[in-house]
Structures are given as structure tokens and as C-alpha cells.
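Hi,

Here is the structure I promised to pass on.

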Amino acid sequence: FTWTERLDGAALTAAVDRYLAAYAAVPRGGAGAVRFVSVQGVTRSGRAAALRIDADRGSYEVRGDDIRRVLRASGGGILGSTYFTVEPVVGRDGRLQELTVRGGGNGHGVGMCQWGALGRARAGQSFREILQAYYPGTSVAPAP
């Protein structure tokens, strides 16, 4: 499935102020207003390998799944996955006015999603049905 997240400049700056320091060296007082965001390379599966955040007080790189924890909407939920593109809109003042993130899927993209499996179990699916959904074409059998 596909998803879209839109963050205005203030919401993105607030998320960066709140979460970036856990994943990058941010100076005392925070990174400042976000000026630009760009994807820095993709993995073999097409996921963002790193995200560069240019702000008033420096440029910062966030790698891998940590990207999902920094780019948060105002509700605080993490980004759906690292399989996404970004569409920044920069104002005349040189600051980011809006960032649109368009992505697909849900999770880290490595194996079975624990939250998805939990949701399927709560919906009444058996472990065999859950495994079949994540690993089509396989079967569950005793080990030889």
C-alpha cells in the first residue's frame, strides 16, 4: 500500500528539535529551522539509505531505520517505512515551508513485521496464515 505524509515547516522543525539529537550530534539549542531535506542514496531494495537535513545550525545525516523516528508527524507516530521519496517546498526566506513524503509499505523491510503479525493474530489469523502472508510459497513442518 502507499501512503503520504505532509509536514509543514513548523511541524518538521519541531520533530527535528525533539528527535534528531538521539541520532545525530546536534548543538546546544537545537538544529534550528529546517531549510532542506534530501534522500542520500538508496539501498538495493529502493529504501532511503540516509536522509540529509539542512538546518540553520548545520547539516545532519540520519541513516537507515532511524529516519522513521526523526521524520514524525505532529501526532508523534513514526514514518511508515524507509521506502519513500521526499518533495520539499522551500520558501523565499530559504526555509522549508512543507515536506511531502510519499512512500510505500510499512516497517523496516527486513522480514516479518512484528506489529503486522500482532494485528493479524488479534484479527484471528493462525500462525500458519500469518507466516504464509509474510513468506508466500513456504510451508511449516517439523525440522528433520
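Before the notes, one term: I call two residues in contact, or touching, when they have heavy atoms within 4.5 Å. Also keep in mind that this is a predicted model, in which local features need pLDDT of at least 70 and side-chain atom pairs count only at pLDDT 80 or more, while totals for chains, interfaces and linings use all residues. Residues are numbered from 1 along each chain as its sequence is written, and side-chain values use heavy atoms, with hydrogens and water left out.

Overall picture first. The protein has four helices and six strands, and from the N terminus their order is β-α-β-β-β-α-β-β-α-α. (Helices are DSSP runs of H or I with at least four residues, strands are runs of E with at least two, and both are numbered from the N terminus.) Along the principal axes, the C-alpha atoms fill a box of roughly 65 × 30 × 25 Å. Of the 144 residues, 34% are buried; that means under 20% relative accessible area, with exposed being over 50% and partly exposed in between (1.4 Å probe, protein chains only). If you take the contacts between residues at least 6 apart in sequence, 49% of them join residues at least 24 apart.

Start with Leu51, in strand β3 (residues 50-55). Leu51 counts as buried because its relative accessibility is 1%. Leaving out residues up to four places away in sequence, Leu51 touches Val37, Ser38, Val39, Gln40, Tyr60, Glu61, Val62, Ile67, Leu71, Phe84 and Val86. From Leu51 to Val70 is 19 residues in sequence and 9.8 Å in space, C-alpha to C-alpha.

Ala24 sits in the loop between α1 (9-19) and β2 (34-39). Its relative accessibility is 16%, so Ala24 counts as buried. With residues up to four places away in sequence set aside, Ala24 touches Tyr60 and Glu61. Val62 is 38 residues from Ala24 in sequence, yet their C-alpha atoms are 6.8 Å apart.

What about Gln125: buried, partly exposed or exposed? Partly exposed, because its relative accessibility is 28%. You'll find Gln125 in the loop between α3 (114-122) and α4 (127-134), where it touches Arg120 and Ile130, again not counting residues up to four places away in sequence. Gln125 and Glu98 are 27 residues apart along the chain, and 40 Å separates their C-alpha atoms.

Cheers
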